[in-house]
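Thank you all for making the time this morning.

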Amino acid sequence: MNGGPSGFNNAPITRTFVIACCVFTIVFGIQGRSNKLGLSYQDIWKKLQLWKLIVSTFTFSSTPELMFGAYLLYYFRVFERQIGSNKYAVFVSFSIIVSSLLQRFGQAFLNDPTLSVLTSGPYGLIFSSFVPFYFDIPVSTRFRVNALSFSDKSFIYLAGLQLLLSSWKRSLVPGLCGILAGTLYRLNVLRIRRLKFPELIASFFSRLSLPSVGSASPAPPPRNGPSFAARQVEGNYRIQPDKPLFMPETTSMLLQIFFLSHKFINHIHRYSLCSSFELKIIG
């Protein structure tokens with residue numbers, strides 16, 4: 001599959017989302033609150049903690065979830081390059097809003113005490129992206145390990161499965177709601193795929209996000225609308241295979257970033273523990 005150059009060239013929405021997820025998860029992880037940001041009925045309707053609607057969308061509850069989630073978000077940037085940043089912003093908004101509503105309905109319908117608080121993170125966007133990934137991205141290579149058959153798409157599915165089952169029911173429900181939201185978008189419910197944001201909003205993300213890294217060539221001007229080739233495939237995002245989906249250099253880069261982030265969080269946590277211990281001794 002030809003996903004274009006490495007890095008975030010022509011993918012400002014994805015770049016902004018990945019950076020926001022890393023920053024929010026690290027900040028709340030340092031405070032020890034990253035696993036307490038899941039939404040519940042009481043938070044929204046009784047306590048009116050509306051700020052959680054935004055924070056819970058960008059904050060993963062643990063470092064492993066951040067690693068797998070950010071890798072999948074980074075990979076799915078190929079869809080933004082194919083349909084353009086403007087329509088991809090519509091897809092992102094639709095996936096997050098619809099999956100969030102479905103999660104609230106699911107909590108009320110299942111009435112399970114263990115689902116009173118679901119895990120946080122952009123599960124709606126990640127798993128809605130698996131719908132076009134399944135239908136529209138063909139397999140380019142196949143291989144066998146003992147008696148098992150795999151393809152280059154298997155690595156993405158395994159990363160998604162790990163994320164889907166990371167918190168069992170608390171992550172399973174948001175993941176399934178994301179898949180349902182992606183299916184509704186593919187079915188063009190309410191003609192959602194014809195909508196576009198004003199150019200001012202779409203271009204805002206290009207100015208907001210940081211310069212791309214990991215690309216040897218300079219980035220062309222950001223696209224807010226799909227090119228002629230993208231318009232030809234816009235009906236189903238069809239992408240032709242050109243090179244393997246799994247890129248070891250990309251995975252290595254992301255793993256280094258997240259291991260460093262994890263070490264940074266541990267150092268801060270140890271420093272805060274030592275400081276509190278010294279204060280108790282002085283007191």
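A word on the source comes before anything else. This is a predicted model, in which local features need pLDDT of at least 70 and side-chain atom pairs count only at pLDDT 80 or more, while totals for chains, interfaces and linings use all residues. Residues are numbered from 1 along each chain as its sequence is written, and side-chain values use heavy atoms, with hydrogens and water left out.

Let me begin with the overall picture. The secondary structure comes to 13 helices and two strands, where helices (H or I, at least four residues) and strands (E, at least two) are DSSP runs numbered from the N terminus. Of the 283 residues in the protein, 46% are buried; here buried means under 20% relative accessible area, exposed means over 50%, and partly exposed is in between, with a 1.4 Å probe and protein chains only. The protein exposes about 15,200 Å², and carbon and sulfur atoms supply 68% of that area, which comes from the Shrake-Rupley method with a 1.4 Å probe, where for residues only the protein chains shown count as cover. If we take the contacts with a separation of 6 or more, 82% of them are between residues 24 or more positions apart, a contact being heavy atoms within 4.5 Å.

Now to helix α10, which covers residues 169-186. Which parts of the protein do the buried residues of α10 pack against? They pack against α6, α7, α8 and α9, and among these buried residues are V173, C177, A181 and Y185. As a general point, an α-helix has 3.6 residues a turn, so residues three or four places apart point the same way. Just after α10, N188 takes a positive phi of about 60 degrees.

How many does the structure hold? It holds two, a salt bridge being a side-chain nitrogen of Lys or Arg within 4 Å of a carboxyl oxygen of Asp or Glu.

In one of them, K169 pairs with D112, and the closest N and O atoms are 3.1 Å apart. The pair links distant parts of the chain, since K169 is in α10 and D112 is in the loop between α6 (85-110) and α7 (123-128), 57 residues apart. K169 is partly exposed at 35% relative accessible area, and D112 is also counted as partly exposed, at 22%.

In the other, the side chains of D136 and R186 meet at 2.8 Å, N to O. D136 lies in helix α8 (residues 130-136) and R186 in α10, so this pair ties together parts that are 50 residues apart in sequence. Is D136 buried or exposed? D136 is buried, at 0% relative accessibility, whereas R186 is partly exposed at 25%.

Next, the surface. L158, L161, L165 and W168 make a nonpolar patch of about 420 Å²; patches are made of residues with over 30% relative accessible area and no salt bridge, with like charges joined within 9 Å and nonpolar side chains (Val, Leu, Ile, Met, Phe, Trp, Tyr) within 5 Å. L158 lies in helix α9 (residues 154-164) and is partly exposed at 49%, while L161, also placed in α9, is partly exposed at 44%. The C-alpha atoms of L161 and F68 are separated by 9.8 Å, although the two residues are 93 apart along the chain.

Last, the hairpin. Strands β1 (residues 142-145) and β2 (residues 148-151) run antiparallel and are joined by four bridges, and two strands pair if DSSP finds at least two bridges between them. The bridge partner of R142 in β2 is S151. Two residues lie between the strands, and N146 takes a positive phi near 60 degrees there, although N146 is not a glycine; N146 is exposed, at 77%. N111, in the loop between α6 and α7, likewise has a positive phi, near 50 degrees, and is a residue other than glycine.
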